[in-house]
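Dear colleague,

I am handing over the structure we spoke about, and I would be glad if you opened it beside this message. My notes on it come after the display.

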Amino acid sequence: MNSMLRKSVLGIAGLAFTGGVFAGPVAAHAEPVHDTKPVAVATVQGAQSKIDLNGEQTANAKAIIAATKKAGLPERAAVISIATSLQESKLENLGHLGDKNDHDSLGLFQQRPSSGWGTPEQITDPEYSTLAFLKGLKQVDGWQDMPLTEAAQTVQVSAYPDAYAQWEQQATDIVAHNWNS
């Protein structure tokens, strides 16, 4: 090895060592790195909305995640489910709302007994309503790769088909935070 090449290699090695010596103490006090893979997100579409969740809403999000796991579906299904519920009910398990009610829509997903989603008691059970939503989602060819709003709309048949997209980032964050807990 010629002397110029050797000096370059030794110089680079020396810089790497020096960087390690000085960065080591700093890195020792840094926050630990968690080995978590990001939740698959197709493409977040448009402006995003976000709400602060209370205890009931957080429990409902966790119930959706648990039901998704029970159904044997991946994190992406939980993201679509939570985004849908954020749009439909803000993750609140809605009972009959009187004059404010959209027809006979109930629960986390605003499912309707008259449309065959189940009884009012079933629809207001977070696990049942999630599994019913997921059953519909599994029937959508290619749901794993389509935009969230398209997958959700195919199941829900909403009057506002593009509204689900605004919740994708928050739903992704919720799933990423709770999937392994």
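Predicted model: local features only at pLDDT ≥ 70, side-chain atom pairs only at ≥ 80, totals over all residues.

Residues are numbered from 1 along each chain as its sequence is written, and side-chain values use heavy atoms, with hydrogens and water left out.

Thr149 lies in helix H6, residues 148-156 (helices are DSSP runs of H or I with at least four residues, numbered from the N terminus). Thr149 is buried, with a relative accessible area of 8%, where buried means under 20% with a 1.4 Å probe and protein chains only. A polar atom of the Thr149 side chain lies 2.7 Å from the backbone oxygen of Pro161.

Gln170, found in helix H7 (residues 168-178), also counts as buried, at 6% relative accessibility. The side chain of Gln170 reaches the backbone oxygen of Ile51 at 2.7 Å. The C-alpha atoms of Gln170 and Val79 are separated by 8.8 Å, although these residues are 91 apart along the chain.

Turning to the helix pair, the axes of H2 (residues 55-70) and H5 (residues 126-138) come within 9 Å and cross at roughly 55 degrees; axes here are lines fitted to C-alpha atoms over the stretch in contact (heavy atoms within 4.5 Å), and angles run from 0 to 180 degrees between N-to-C directions.

With kind regards

Key:
Helix = DSSP H or I, 4+ residues; strand = E, 2+ residues; numbered from the N terminus. Buried < 20%, exposed > 50% of the residue type's maximum accessible area, 1.4 Å probe, protein only. Polar contact = N/O pair within 3.5 Å; in protein donor to acceptor, adjacent residues only side chain to side chain.
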